[in-house]
Amino acid sequence: MVARSTTLCASLGRSPWARARWLVVAPHADDETLGVGGLIAQVARTQRLGAVVYLTDGAGSHPHEDERSRQALAAMRRQEAALSLRRLTRARGPEPVFLDWPDATPHPCGSHAFEAARRRLAGLCRRERIDAIAVTASHEPHCDHVAAFDLAQAVSGSSGLRHMVLFEYVVWALQPPLGPNRTVQTNAMPGGLRTLALNAHRSQIGPAFGKGFKLPPWQLRMADRDRLYLRKARHVVG
């Protein structure tokens, strides 16, 4: 087994990115709370949260009898995401951005849909003067989480955005990313705030949409701080 390095860990507030403006990319509604709820709360407090982007419509978390059921769950998850963000940011953050990719069927890198999403987010980053992107780690055990990383990496390498840095965060992986030599940690969240935000995602933690995906008990025991693992952008695209 290859050892995973987490060598230098510093407080985000004392790091070179203390004044950065952030874009958070979440594969599904609830990943923002589980993975970087602390980051969102911390940077929203000083108006440095540029945007939170949700990759998929989230409708694949439950089985469906027809398309109407699928659309109803997608609409519910949008509402849940917006409520969760309002709670995390104390209503001081931007409105969520939804890309509505099909859940568990990500668009491949280089496809027309992938490139359209890259251009859209690159434009958002320029308008919002984004300095740093936080996205699910490349080794996460879910195709949508990996696709979110691929998209964020492509955005960070877009023309005119070479100054941006890319950070990975972990939701489902049991180990941190392989090899990053810089790790930053957010401040401790106010007591109960992450749980309050997670409770907005009723479809994922209870029977609001019938039987289906439910978060396991270990995932509900959330830390009061987030860790972010620095990953540099590697290429430039047009």
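The expected span of a helix is 1.5 Å times one less than its number of residues, and helices (H or I, at least four residues) and strands (E, at least two) are DSSP runs numbered from the N terminus. The structure discussed here is a predicted model, in which local features need pLDDT of at least 70 and side-chain atom pairs count only at pLDDT 80 or more, while totals for chains, interfaces and linings use all residues. Residues are numbered from 1 along each chain as its sequence is written, and side-chain values use heavy atoms, with hydrogens and water left out.

H3 has 17 residues and reaches 24 Å from its first C-alpha to its last, close to the 24 Å expected at 1.5 Å a residue. Its buried residues (under 20% relative accessible area, with exposed being over 50% and partly exposed in between; 1.4 Å probe, protein chains only) include Phe 114, Leu 121 and Cys 125. The buried residues of H3 pack, by contacts between heavy atoms within 4.5 Å, against S2, strand S3 (49-56), S4 and helix H4 (143-156). After H3 comes Arg 129, whose phi is positive, near 55°.

Side chains of opposite charge can pair when their charged atoms come close. With a salt bridge taken as a side-chain nitrogen of Lys or Arg within 4 Å of a carboxyl oxygen of Asp or Glu, the count comes to 7. One of them joins the side chains of Arg 21 and Glu 128 at 3.0 Å, N to O. Arg 21 lies in the loop between strand S1 (8-11) and strand S2 (22-26), and Glu 128 in helix H3 (residues 112-128), so this pair ties together parts that are 107 residues apart in sequence. Arg 21 counts as buried at 15% relative accessibility, whereas Glu 128, at 30%, counts as partly exposed.

A salt bridge also forms between the side chains of Arg 78 and Asp 100 (2.5 Å, N to O). Here Arg 78 belongs to helix H2 (residues 67-89) and Asp 100 to strand S4 (residues 97-101), distant parts of the chain, 22 residues apart. Arg 78 is partly exposed, with a relative accessible area of 36%, and Asp 100 is partly exposed at 36%.

On a 1 Å grid over the protein atoms alone, a cavity is a set of points where a 1.4 Å probe fits but cannot get out, and a pocket is an open set with protein on both sides within 12 Å along at least five of seven lines; lining residues have an atom within 4 Å of a point. Grid points are joined across faces, edges and corners, and a volume is the space filled by probe spheres set on the points. The whole structure holds 1 cavity of 30 Å³ or more. The largest cavity has a volume of about 50 Å³, and its lining includes Tyr 54, Ala 74, Arg 77, Arg 78 and Phe 98. H2 gives the most to this lining, with 3 residues.

Among the open spaces, the largest pocket contains about 410 Å³. It is lined by 19 residues, of which Leu 34, Val 170, Val 171, Ala 223 and Arg 225 are the closest to its centre. Helix H1 (31-45), helix H7 (217-220) and strand S8 (227-231) each give two or more residues to the lining of the largest pocket.
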